[in-house]
Amino acid sequence: MAVQPMTLLPPDLDPRRLPAHVAVIMDGNGRWAKERGKPRFFGHRQGVEAINDLVRCCKDWGVPILTVFAFSTENWGRPAEEVNFLMGLFHEVLQRELRAMVEEGVCLRFMGDFAPLPKALRDFIEESVQATAHNRAILFNVAMNYGGRREILQATQALARQVEQGALRVEQITEETFAHELYTGLLPDPDLLIRSSGESRLSNFLLWQSAYSELYVSQVFWPDFDRACFYQALKHYQSRNRRFGKLDSSPT
Ligand code: IPE
Ligand code: IPE
Ligand code: MG
């Protein structure tokens, strides 16, 4: 069978029922490399290609927001060699891709605790966010040194500080005011959360925001996650009946 480039939304997906926000836990780079008898960093490099194409795919198919988990607050526990490699890779890829992202209308954002990141990477994050701030074709949000628990703690501390200073009353802490203090701010919650490599856990990702996300576990290792895999995830999403705790609203 001829390989389809899948540049257009596959005709059996309903363009009116696409998720407004897709979040992805990109997992399995190391196992992908191991399977090929290569070092883990080889898998990380290949994983970058998969994410590059997924951003374009979201743009081509009409998914307006993509959030990806690039590095967790727990990933510092890996050997220094791997952590250093990843930090270097993030910087290198950002530098390589920034011009294309500016031209293609990608609005780049980052979320997480940036303080422990190498200064050169922090500076480049700021530069790339500024350079793409006015782009509107797709919002590409990268979770970098991100931890869901840390995010919730930081939001709690920010609100507690406002109460302490008399700027906020305790009763004014609502789901809305709380959510605004999270890194995701005013972004809508992810409708669809995908994890690759067959693992069905959140690993501290978007703990608050994923309360009602549809979860989809793909069996493939992240570097092999292509448009056909994304199509499967969207098919799954469109087949779900999202009830949000209520009763089935579809006709019986
Ligand atoms: C995901 O792949 C990438 C990061 C966490 C940075 P892994 O590196 O976790 O790959 P596996 O899970 O060990 O195969
Ligand atoms: C989650 O993957 C973090 C990222 C994808 C950045 P991990 O590989 O770190 O998660 P665990 O250790 O399998 O839970
Ligand atoms: Mg992993």
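1. Let's start with S196. In this predicted model, S196 has a relative accessibility of 0%, so it counts as buried, the limit being under 20%. S196 is found in the loop between β5 (192-195) and β6 (214-217). Setting aside residues up to four places away in sequence, S196 touches I25, M26, D27, S218, V220 and W222.

2. S197 lies in the loop between β5 and β6, and has a positive phi of about 75° although it is not a glycine. At 7% relative accessibility, S197 counts as buried.

3. Another residue to check for its backbone is L206. The loop between β5 and β6 holds L206, whose phi is positive, at about 45°, although L206 is not a glycine. With a relative accessible area of 1%, L206 is buried.

4. Now to strand β2 (residues 65-72), where V68 has its place. V68 counts as buried because its relative accessibility is 1%. What does V68 contact, leaving aside its neighbours within four places in sequence? The partners are V24, M26, I51, F140, N141, V142, A143 and F205. V68 and A23 are 45 residues apart in sequence, yet their C-alpha atoms are 5.7 Å apart in space.

5. Next, the nonpolar cores. In soluble globular proteins, nonpolar side chains tend to be buried together. Here the largest nonpolar core has 46 residues, and the members that touch the most others are V24, L54, L66, F140, I194 and F230. F140 makes contact with I51, V55, L66, V68, M101, V106, C107, L108 and R109, not counting residues up to four places away in sequence. A second, separate core has nine residues, including A23, F69, Y146 and L193.

6. Finally, please look at how two helices meet. The axes of α2 (residues 40-61) and α7 (residues 227-239) come within 10 Å and cross at roughly 55°. The two helices are therefore oblique to each other, and α2 passes α7 in a right-handed crossing. Which residues meet there? From α2 come D53, L54, R56, C57, C58, D60 and W61, and from α7 come R227, F230, Y231 and L234. The residues of this contact divide into seven nonpolar, no polar and four charged.

Note on methods: Residues numbered from 1 in each chain as written. Chains lettered and ligands numbered in written order. Predicted model: local features only at pLDDT ≥ 70, side-chain atom pairs only at ≥ 80, totals over all residues. Heavy atoms only, no water. Axes fitted to C-alpha atoms, helices over the stretch in contact; angles between N-to-C directions. Helix = DSSP H or I, 4+ residues; strand = E, 2+ residues; numbered from the N terminus. Parallel < 35°, antiparallel > 145°, perpendicular 65-115°, else oblique. Left-handed = near helix turned anticlockwise from the far one by under 90°. Contact = heavy atoms within 4.5 Å. Nonpolar A, V, L, I, M, F, W, Y, C, P; charged D, E, K, R; others polar. Core = buried A, V, L, I, M, F, W, Y, C linked by side-chain atoms within 4.5 Å. Buried < 20%, exposed > 50% of the residue type's maximum accessible area, 1.4 Å probe, protein only.
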